[in-house]
Amino acid sequence: MKRRTLAALAAFGALTLGGIGPMAQAQTPPKTLRVVAHADLKILDPTFTTAYISRNFGYMVYDTLFSQDASGKPQPQMVEKFTQSPDGKAWSFTLRPGLKFSDGTPVTTADVIASLQRWTGRDSLGRAMVAGGAEWKAVDERSFTLALGQPFGMVLDALAKPSGYPAFILPERLAKLPTTAPMTEVLGSGPFVFKRDEWVPGNKAVFVRNAQYVPRTEPVSGLAGGKKSSFERVEWLYLPDANSAVAALQRGEVDMVEQLPPDYIAPLRADKNIKVGSGGAYQAFLVLNQLHPPFDNIKARQAFQMAVNQERFVAAMGYPADMRKAYCHTFFICGSPNDTAAGSQAWAKPDVAKAKALLAESGYKGEKVVLLVPTDITYLNALALMAAQTLKSIGVNVDMQSMDWASIGARRAKRDAPAAGGWNVYVTVAGEFDVNSPITNAYLSPACGNSLPGWPCDKQLDELRTAWLQSADAAQRKERLDAFQARAFEAVPYVNAGQYSAAYAARASLKGLDRLWGGMPIVWALDK
């Protein structure tokens, strides 16, 4: 009896002890970061769209050959080593050992080359490389080469391009899919794995740490360095109502609000439990339709540019004085490596009298100018209202047509005359990485014959852009950049309405916020 009792106790102990481990693990939730994303995740293919939410998704699940560090310099990421010939036409690259996709399959040069071919078909810098005769070839599974027909001074900058279309590396079979529709399968070698089974469009996207990811050993700097996350799980929550998002942050239900509306900056700065920081520099764009009068005339475009008071435009958006520029004398981002005042002298201060004179020289006769006014995005609505006020101040007959942003997206693609359902002016904004060079800036990069709404075309800009891309060294590139901008101020491919800093808000207890950079989703730099 005693032996049976002891045996029973031993068996019970084995069952109990055997069950405690798994039960304890099940009761311990994974370390989770919860972020209110700036938009709903709809497209899972960052090689199909330039939408920032899809770009951010790309950085969660994919990796790049090179990445920009916090000073804007390209640094090796998936690449272990590389060489460049003296004439800049021949390059060789070797991948780091042990790179794997999240399903455990190795990353090879076949994947890299197929991904780069997909990228060069879509990206502005990639297309420029192809125009320079770029040809990729595999040497073995880890090594590959790039041959160029002519020097291209921005090879590393292109491969480290942080936005627009970053050169994400995909499996070969996915990279070779048609680009006419977005990919739906997700398989990357980046720091996280997308949990499709927990994806609730319009509500939540979930990522878990990628067990196959091989981080670099360098500390995080910008998008470069080791992306070894402290979090086992990251949740993106979509809360379009700003009141709900801020309340969730104050209650500690979320750790961060990625983009804070301007109205909430001051009150949250006063909350000791919350930190408000810069979410990267942005530029406001006033886009002019150059197919139809009056802005098919360069003098009319110059008139609008001369009348714009950047301080008033950015102030109207609601950003405090310390988050906006009084005036930014560049088409590129003030404070960026390409910041230059070249050609800006004649346009440095708004002058309504000169603007009226330029408009008269253009031959404008009081025709209606259709301005598209977004109703559902507060800061864009403010920009549009300021645009209307500015145009009216110089004698333009403004026809304000209000609609939601999705409708503007469809309307702006129409080439029809404004009176037949087209348009003359619309407003938008872009982050610093999609502004700061002649080839990354959406409205400075397209050559004549482009399909960009507004259809800017200036042969001189085309020639100057090509010369800048072919620059052999930094000094020559700076000289050619200045020449390009000087012509841009004359041609007015769009009007720069000012620069501001977007804002994020986070729990003050969140660590690593000082390492966030340029509004990019560097969640692997954070801890709590």
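Because the model is predicted, local features need pLDDT of at least 70 and side-chain atom pairs count only at pLDDT 80 or more, while totals for chains, interfaces and linings use all residues. Residues are numbered from 1 along each chain as its sequence is written, and side-chain values use heavy atoms, with hydrogens and water left out.

A search of the whole structure identified two disulfides, a disulfide being a pair of cysteine sulfur atoms within 2.5 Å. Along the protein chain, with bonded cysteines counted in order, the pattern is 1-2, 3-4. Accessibility is classed as buried under 20% relative accessible area, exposed over 50% and partly exposed in between (1.4 Å probe, protein chains only). C328 is buried at 2% relative accessibility, and C334 is likewise buried at 15%. The other disulfide joins C448 to C457, again with sulfur atoms 2.0 Å apart. Its torsion about the S-S bond is about 100°, so the disulfide of C448 and C457 is also right-handed. Here C448 is partly exposed, at 22% relative accessible area, and C457 is partly exposed at 42%.

Helices (H or I, at least four residues) and strands (E, at least two) are DSSP runs, numbered from the N terminus. T340 lies in the loop between α10 (310-316) and α11 (352-361) and is buried, with 6% relative accessibility. Contact is defined as heavy atoms within 4.5 Å. When residues up to four places away in sequence are not counted, T340 touches H329, T330, F332, K478, L481, D482 and Q485.

Two packed helices are described by the angle between their axes and the distance between the axes. Axes are lines fitted to C-alpha atoms, for helices over the stretch in contact, and angles run from 0 to 180 degrees between N-to-C directions. The axes of α9 (residues 298-307) and α11 come within 8 Å and cross at roughly 170°. The two helices are therefore roughly antiparallel, a class that covers angles over 145 degrees, with those under 35 roughly parallel, 65 to 115 roughly perpendicular and the rest oblique. On the α9 side the contact is made by K299, A300, Q302, A303, M306 and A307, and on the α11 side by K354, A355, L358, L359 and E361. These residues divide into seven nonpolar, one polar and three charged, where Ala, Val, Leu, Ile, Met, Phe, Trp, Tyr, Cys and Pro count as nonpolar, Asp, Glu, Lys and Arg as charged, and the others, Gly among them, as polar.

An open sheet is formed by four strands in the order β4-β5-β7-β6, with antiparallel pairing; two strands pair if DSSP finds at least two bridges between them. β4 (79-84) and β6 (135-138) stand at the edges with a single partner strand each, so one side of each is left without a neighbour in the sheet. The twist from one strand to the next averages 20°. β4 and β5 (residues 90-95) run antiparallel and are joined by five bridges; K81 has T94 in β5 as its bridge partner. Helix α3 (residues 109-120) packs on the sheet and touches β5, β6 and β7 (143-147), and its direction makes about 165° with that of β6.

Q460 is located in helix α14 (residues 459-469) and is partly exposed at 43% relative accessibility. The C-alpha atoms of Q460 and A491 are separated by 9.0 Å, although these residues are 31 residues apart along the chain.
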